[in-house]
Amino acid sequence: MIFWLIAALLLIAATALFILPTLKGPNEKADADRDALNKAYYQQRLNELEDDEALGVVGERDAMVAELQHNLLEDIPARAGTRKRAPFSLTVLLPGVLLLVAVSVGLYVYTGGMTQVSQWRQVVKNMPELRQKADAGQLNEPEEIARFALGLRTSLLTDPTNVRDWTMLGLAGLRLGNGEMALQSYEKAYELSPNDGYIQIIYAKLLTRSNNPEDVAQASRILKTLLKSEPDNVDALSALAMNAFGQGNFNEAIAAWEKVLTLMPPDAKGADVIRQSLAYAKSQVTSNGVHLGVTISVSPDVAAQLPAQGGVLIAVTDGKSTVPVAVKQLQLGTFPLKVELDDSNAMMPSRLLSGLKQVKIIATVTSGDEADKRRMIGESRVYSFTGKESVDVTIERIEQ
């Protein structure tokens, strides 16, 4: 109502600015200025005629003076008392006023979001019906869900502590594929009701999807806190397993999934998926148990020339390419050196030591003195690799 009142006042003001100038009387000051200008021009022309006549340039001075006087009289307007104004009717301005109103309203309709405002009002009006459909699980169309989300946001403006509305807005965000809306909504719901198990689980699942490690860690803390009071909560255990698996904590994921399977019927929906995930996690633990033992010794000739300080670089290749799959750097010490390498020493997560079928080790000693450019190198032969082998390497070559 206030908006339309202001709009009406603005239109009235614009119409007044359009009409008022036409209602003013003649401008006496402008007429006086014009008379003065005409008289000055007439006097100047008389002076010029006198000068021309004195020089003998013109003749018939009287005729020219008469013409000047005639022109002056024609340009002088009638006096105020003798002027007559034609009757003026406001109806002449009616088309202009109508055009002004039409253009103003048209611009507002086109740029002012009137359609959106009308749709929003309709959504607010239909919210009771939309809530009933949501409670009955009958909101399926994306357009209906979007309208329901709009209505919820409107309601939360007046009642921002309504936990139920925040959770419903979060669910609407999930249904619409809007992860940001869902996360923000459940974050607010969690702030308002931090001990609600349902909210804790959904919020933790959303945090687990985040690319931020802090969010993932927070999800783990929330789930572990919930499981202290509800150790047999299947949803919380499943969420914790997925969280741990995503972080590479396979043992924690295995423990959670195994407990879930003991709490579920063998033929329960989703049990097969959990078994597959469990098997994969166990395979990752097995693969992470892969290690390669390396014993490094030096030949007598090299031993006599070892630098006082330096380092030893151990590189593992697949025996075909010289590009290392895994590397380990050590300080130069007493030989023989014994070390172990595993997947944590991999150069790239996509190419692990546990994925190799054969290995070749290259050991290189370098000096800690930048002026000493010597490199002492030893290479093994290619060995078959099953994940538990130990390899001996002798450093016996010196390169400048």
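Start with the whole chain on screen. Take the contacts between residues at least 6 apart in sequence: 54% of them join residues at least 24 apart, where contact means heavy atoms within 4.5 Å. What you see is a predicted model, in which local features need pLDDT of at least 70 and side-chain atom pairs count only at pLDDT 80 or more, while totals for chains, interfaces and linings use all residues. Residues are numbered from 1 along each chain as its sequence is written, and side-chain values use heavy atoms, leaving out hydrogens and water.

Switch to a cartoon view. The protein has 14 helices and nine strands; these are DSSP runs (H or I of at least four residues for helices, E of at least two for strands), numbered from the N terminus. Of the 400 residues, 30% are buried. Here buried means under 20% relative accessible area, exposed means over 50%, and partly exposed is in between, using a 1.4 Å probe and protein chains only.

**Stop 1**

Axes are lines fitted to C-alpha atoms, for helices over the stretch in contact, and angles run from 0 to 180 degrees between N-to-C directions. Angles under 35 degrees count as roughly parallel, over 145 as roughly antiparallel, 65 to 115 as roughly perpendicular and the rest as oblique.

The crossing of α6 and α7 is left-handed, which is the name used if the near helix is turned anticlockwise from the far one by less than a right angle (clockwise is right-handed). Show side chains for the contact residues, including Phe148, Leu152 and Ser155 of α6 and Asp165, Leu169 and Arg175 of α7. By class, this contact of α6 with α7 has nine nonpolar, one polar and three charged residues. Ala, Val, Leu, Ile, Met, Phe, Trp, Tyr, Cys and Pro count as nonpolar, Asp, Glu, Lys and Arg as charged, and the others, Gly among them, as polar.

Now click on Asp165, which sits in helix α7. Is Asp165 buried or exposed? It's buried, with a relative accessible area of 3%. Leaving aside residues up to four places away in sequence, Asp165 touches Arg131, Leu152, Ser155 and Leu156.

**Stop 2: α7 and α8**

Among the contact residues are Trp166, Leu169 and Gly170 of α7, with Met181, Ser185 and Tyr186 of α8. The contact of α7 with α8 has 10 nonpolar residues, four polar and one charged.

**Stop 3: the core**

Which residues touch the most other members of the largest nonpolar core? In this set of 45 residues, they are Phe148, Leu152, Leu169, Tyr186, Leu223, Ala236 and Trp257. A nonpolar core is a set of buried Ala, Val, Leu, Ile, Met, Phe, Trp, Tyr and Cys residues joined through side-chain atoms within 4.5 Å. Helix α9 (residues 197–208) gives the largest share of this core, seven residues. Apart from it lies another core of 26 residues, with Val316, Ala363, Val365 and Ile395 among them.

**Stop 4: α11 and α12**

Select residues 234–246 for helix α11 and 250–263 for helix α12; they pack at an angle of about 155 degrees, with axes 8 Å apart. That makes α11 roughly antiparallel to α12, and their crossing is left-handed.

**Stop 5: some loops**

Jump to Glu396, in the loop between β8 (390–395) and β9 (397–399). Glu396 is exposed, with a relative accessible area of 58%. Now find Val298: it is 98 residues from Glu396 along the chain, yet their C-alpha atoms are separated by 6.1 Å.

Next, pick Ala308, in the loop between α14 (300–303) and β2 (310–317). Ala308 is exposed too, with a relative accessible area of 83%.

Finish at Pro336, in the loop between β3 (326–331) and β4 (337–342). Look at the peptide bond from Phe335 to Pro336: it is cis, with omega near 0 degrees. Most peptide bonds are trans.
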